[in-house]
There are 2 protein chains.
Amino acid sequence: MLIVMKFGGSSLETNEKIGNAAKIIEDSKLQGNDIVAVVSAQGKTTDELIKKAESITALPSPRESDVLLSTGEQVSMSLLAIKLNSAGCRAVSLCGWQAGIHTDERFGNANITHVDTKRIREELEKGNVVIIAGFQGINNDNDITTLGRGGSDTTAIALTAALKADACFIYTDVNGVYTADPRVVEQARKHCDISYDELLEMSTLGAKVLHNRSVLMAKRSGVEFEVLSSFDGQRGTLVHDFAQGKYISGIVCDDNVAMINVIGIDSGEATCELFSLLAKNRIQVDIIIRSPRSFDGLGVVSFSVPANTAKSVIWMLNEKETVIGYDRLYVEEDLAKISAVGSGIADSCIVASKMLNALNEIGLEPKYITTGEIRISVIIPKTKAAEAEKAIHSALIR
Amino acid sequence: MLIVMKFGGSSLETNEKIGNAAKIIEDSKLQGNDIVAVVSAQGKTTDELIKKAESITALPSPRESDVLLSTGEQVSMSLLAIKLNSAGCRAVSLCGWQAGIHTDERFGNANITHVDTKRIREELEKGNVVIIAGFQGINNDNDITTLGRGGSDTTAIALTAALKADACFIYTDVNGVYTADPRVVEQARKHCDISYDELLEMSTLGAKVLHNRSVLMAKRSGVEFEVLSSFDGQRGTLVHDFAQGKYISGIVCDDNVAMINVIGIDSGEATCELFSLLAKNRIQVDIIIRSPRSFDGLGVVSFSVPANTAKSVIWMLNEKETVIGYDRLYVEEDLAKISAVGSGIADSCIVASKMLNALNEIGLEPKYITTGEIRISVIIPKTKAAEAEKAIHSALIR
């Protein structure tokens, strides 16, 4: 079998953990498999490199930041290859440009356009384990690009598709996808498998298993993959095209939420102007609520944004106050969004009533509620997040 | 003018020093020059990366070590480019593989075979400062190679030749080539210029200004370069083809010397066997003295090696004891080699007698003396090195 494995930063943080990853590779190789291993940078390396660049200037050149960041994976791939070779398991490491990972031009957030697998296949034919730097590629100008957060997962998925590999294992610091964060909700259960759509919704809503871009790519290219721990040796969660029946697959908490209320916005044109401004600046907006004449008789548009982007959104809106035409802004901070995800949400009334009931029992009345095809989300104060997560989990998931 | 500049690790160690290097580049750019800047890894980065690899295994795979080490220059080049761009001076950084630095196959100690300057010229034509990772290239298999110690200087010299640049400035932590180490000998004077041969001899004998490989490449390709400090803004020392007249250009001290005495080696074949063994293992031997029947009536071959390689040389000789055929080994450690270098050495008797006289005055009688076309070296105890260096400097250089 040809197997693509991906080892995250926490699985490569120390020499001991590199040894552990090497052991997984060797064992699989000894079973007769061909191995392509995609690696992230060790531990917090990427954050440290970003800090290094930002210690020089607040806005480092995107091209040069990618040159800098890409060294993180280059270090971890060479260390893993050194470890494997020293154990007698022949391995070569390849940077994105050597492995044929071609991307578009967007420094810092590039998309993989195609993978030229020639070199990888040559190395596999020589009997080598091939270790590949995740998160990076080259564009048509022969410049180094990086894929943005979650990029190494994307690399692994793209390689699995391009190589038509038989399996893809994403080794990470959690051992699968759970019905809720097991550190918060004791009763959380691990899924044996989950559908792309549900994982996608969970990732988008704040579950920190995989970046939704990687899941989307897997869905589009029909790549099945398993999320598992590199430490416990157990099966993880298989992510694939899977009819899950009508149930709730997980409770997800995102505690990085702010609500921005734009007060005194009354025309459709103004609303249009507002959202095209947000879109142009790539602000991730989730919940949107339009309430005509709800605030002192003024129309209000409320929307949720990641809390850490709230400041720049407000700055942006202030700058365009007259263009959009609104009266004033009101910002609610320190919020959390708790979402229930699953195909069972189709019966949204039942799920919603159960959710609200559970929240009511702990004295919470959420101000904002929103529903989607396979999710319901409520916005509550951040301080109550853990309690609410537990209550909703026990109400909806047995 | 097209100018190649090279910034060593000590010139890029901190953000402040990066700023200083950027300033030198900007100033020259403002004067209308095109700039190609070659960089080393910051400070002790390369040593730290070697340590990292050796913390995994005593003998890391040479191919993978080069992948690892090459990240050091990639980090410093991107930081310098970030700094320049933030100051409004457009700059792009290029790795060895992007800059067309082609090498042979020898990982860890590769030689540059040719430079394909296409990309560099394109970037210069766009008005960019081009920052290039020193010390690295790619071989014919598209694998990353490194050039060994002093490699960034070699990169700068090779680029100067390939680009037919008008000038080459090697910025380092000393501000030129001195008649002796100014930290040891107060009277040491800076040379305005020096010939390749004399610098070559000085580098080989232990002066830490440039690696002799870089000087040799400059000589072969007829590249003139200036060694100068990135901090004091003064002229340094120009290295070129230069008839220096008969004088002494410098006193060099190498305090990393051991003498190995092979006792009971009497046939020419055995001596041959000995030195072919050393050559095969690339042991740098400098002084060689063959004394027939000098030790208890036994023949002795004595030779100097870098002290830090003495252990492995002894191990190597012990292993081949019967093949070579010798009686025993006697090792002298903690030695220093003081050399006088200069075309004036042609009158070696006068220089030698002055040197010995100066040593005699401080109570030293060197056991080993050797002369070459432009140098005389003596071996003395390491503890006396500074004193001897001063005495010889004042005897030979006014």
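Through which surface do the copies meet? Some notes on that and the rest of the model follow.

1. Ground rules. This is a predicted model, where local features need pLDDT of at least 70 and side-chain atom pairs count only at pLDDT 80 or more, while totals for chains, interfaces and linings use all residues. Residues are numbered from 1 along each chain as its sequence is written, with chains lettered from A and ligands numbered from 1 in the order in which they are written.

2. The interface. To take the opening question: 100% of the interface residues of chain A are also interface residues in chain B, so the copies meet through the same surface. Chain A puts in 26 residues and chain B 26 residues; contact here means C-beta atoms, placed from the backbone, within 7 Å. On the chain A side, helix 2 (45–54), helix 3 (62–86) and strand 3 (91–94) each supply at least two residues, and helix 3 gives the largest share, 14 residues. Helices (H or I, at least four residues) and strands (E, at least two) are DSSP runs, numbered from the N terminus.

3. Symmetry. Chain A goes onto chain B with a rotation of 180° and 0.0 Å of shift along the axis, RMSD 0.1 Å (least squares on C-alpha atoms of residues with pLDDT of at least 70 in both). That is the relation of a two-fold axis. In chain A, the C-alpha nearest the axis belongs to A:Thr71, at 2.7 Å.

4. Overall build. Chain A has 12 helices and 18 strands. Its C-alpha atoms fill a box of roughly 75 × 50 × 30 Å along the principal axes. Of its 398 residues, 49% count as buried, meaning 20 or more other C-beta atoms (placed from the backbone) within 10 Å of a residue's own. Among contacts in chain A with a separation of 6 or more, 74% link residues 24 or more positions apart.

5. A:Leu80 touches A:Leu12, A:Ile18, A:Ala21, A:Ala22, A:Ala37, A:Val39 and A:Ile131, leaving out residues up to four places away in sequence.

6. Strand 12 of chain B (residues 237–240). Another three link strand 12 to strand 11 (residues 225–229) of chain B, antiparallel, and B:Glu226 stands opposite B:Leu238. Pairing requires at least two DSSP bridges between the strands.

Definitions and conventions
Contact = placed C-beta atoms within 7 Å. Buried ≥ 20, exposed ≤ 12 C-beta atoms within 10 Å, placed from the backbone.
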